[in-house]
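Please look over the chain shown here before reading the report. The text is meant to be read beside it.

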Amino acid sequence: MEKLLPRHTDILKELDEKDHVLVQDLCEKFNVSSVTIRKDLNYLESLGLLFRNHGGASKHVRYAYEKNVDEKESINVEAKQNIARAALSLIQENDCIILASGTTMHYLARMLVNFGPLTVLTSSLRVAIELCNNPNINIIQLGGEVRKSSRSIVGSISETILKQFSCNKLFLGVDGIDMDFGISTSNAAEAHLNQLMIDCSEKVVILADSSKLNVKGFGKIASLDKIDYLITDNGILEEDKNNLEEIGVSVIIK
């Protein structure tokens, strides 16, 4: 292995503790210039010890790639279930809500089994089927092109239908939440449909476990100031929580 300076070792220790570090914080900690820190981070990245991103570095790749829904089912299951359960507190009887696609939405749909009366508009085939078990929920299934990898609907037909509705709240899962890029997903067609969902909703609730923080997907959905609530787990960094709250996002940790 290439020789590391003591400062390099300390940077890696800092990264182990925080998962994500900022150039500015490292400059203050080690009393060196930003040019020096950036050279350090670039060098450590060349050794495969970290991944550079805007303003700092992380332990993991910060770009989301598209996963099949069956693969997603086995990732962060407990956190997703807790997040879905917390979302129930934001749903009231006689609401008209949108449930977008994703595994966390599927968990939320299961938890609505005894809830109602309620109107749910959804792009997810799995959510619609799950909600059929509740006679008190009126279901509006968007029609259009089926994305088999996510068991959801996208495309111009679904977008045309969506524009006919106005809803109280949107519950949306995302692949990435980045302070600069905003909320995003790995599929462009789904990102565009999600944009329209935001436009026809009074409140936007993001359901995302902390692994989605400081991550970017290919398709941008919206800037962070479009979000009213983020429900996540206790893996969120205090710095990220504070930054989100400063721009008006209510962060609920479960």
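The report below describes selected parts of this predicted model, from helix and core to sheets and single residues.

Helix 1 covers residues 6-18, and its 13 residues should span 18 Å at 1.5 Å a residue; the end C-alpha atoms are 19 Å apart, which agrees. Within helix 1, the residues His8, Ile11, Leu12, Glu14 and Leu15 are buried. Several elements take part in covering the buried residues of helix 1, including strand 1 (20-22), helix 2 (23-30), helix 3 (34-46) and strand 3 (56-58).

Asp19 follows helix 1 and has a positive phi, near 75°. Asp19 is also touched by His60, which touches Phe51 as well, when residues up to four places away in sequence are not counted. His60 itself sits in the loop between strand 3 and helix 4 (69-72). Its relative accessibility is 45%, so His60 counts as partly exposed. From His60 to Leu244 the sequence separation is 184 residues, and the C-alpha atoms are 21 Å apart.

**The nonpolar cores**

The largest nonpolar core has 30 residues, of which Leu162, Ile177, Ile183 and Ile206 touch the most other members. Two or more residues of this core come from each of strand 9 (167-173), helix 9 (188-199), strand 12 (201-207) and strand 13 (219-222). Helix 9 gives the largest share, five residues. Apart from this core lies another one, of 22 residues, which includes Tyr107, Leu112, Leu118 and Ile137.

What does Ile177 touch, leaving aside residues up to four places away in sequence? The list is Gly182, Ile183, Ile206, Ala208, Lys212, Leu213, Asn214, Val215, Leu224 and Leu230.

Three strands form an open sheet in the order 10-11-13, and their pairing is antiparallel. Strand 10 (176-178) and strand 13 are the edge strands, each pairing on one side only. On average, neighbouring strands of this sheet are turned by 35° against each other, direction ignored. Strand 11, residues 182-185, is joined to strand 13 by three bridges in the antiparallel sense. Opposite Ile183 stands Ala222 of strand 13. Helix 9 lies across strand 11 and strand 13, and runs at about 5° to strand 13.

**Strand 5**

Is strand 5 largely enclosed or open to the outside? Five of the five residues of strand 5 (residues 118-122) are buried, so this strand is largely enclosed by the rest of the structure. Leu118, Val120 and Thr122 are buried on one side of strand 5, and Thr119 and Leu121 are buried on the other, which leaves both faces covered. Strand 4 (residues 96-99) runs parallel to strand 5 and is joined to it by four bridges. The bridge partner of Cys96 in strand 5 is Thr119.

Pro117 is in the loop between helix 6 (103-111) and strand 5. The peptide bond from Gly116 to Pro117 is cis, and its omega is near -5°. Most peptide bonds are trans, and most residues other than glycine have a negative phi.

**Positive phi in loops, and accessibility**

Asn31 is not a glycine, yet its phi is positive, about 55°. Asn31 lies in the loop between helix 2 and helix 3. Arg151 is likewise not a glycine and has a positive phi of about 55°. The loop that holds Arg151 runs between strand 7 (145-147) and strand 8 (152-154).

Ile129 belongs to helix 7, residues 125-131.

The table gives the accessibility of some of the residues discussed.

| Residue | Relative accessibility | Class |
|---|---|---|
| His60 | 45% | partly exposed |
| Ile129 | 61% | exposed |
| Asn31 | 71% | exposed |
| Arg151 | 29% | partly exposed |

The classes follow from the cut-offs, because exposed means over 50% relative accessible area and buried means under 20%, with partly exposed in between.

Terms used:
Residues numbered from 1 in each chain as written. Predicted model: local features only at pLDDT ≥ 70, side-chain atom pairs only at ≥ 80, totals over all residues. Heavy atoms only, no water. Expected span 1.5 Å × (residues − 1). Buried < 20%, exposed > 50% of the residue type's maximum accessible area, 1.4 Å probe, protein only. Contact = heavy atoms within 4.5 Å. Core = buried A, V, L, I, M, F, W, Y, C linked by side-chain atoms within 4.5 Å. Pairing = 2+ DSSP bridges. Axes fitted to C-alpha atoms, helices over the stretch in contact; angles between N-to-C directions.
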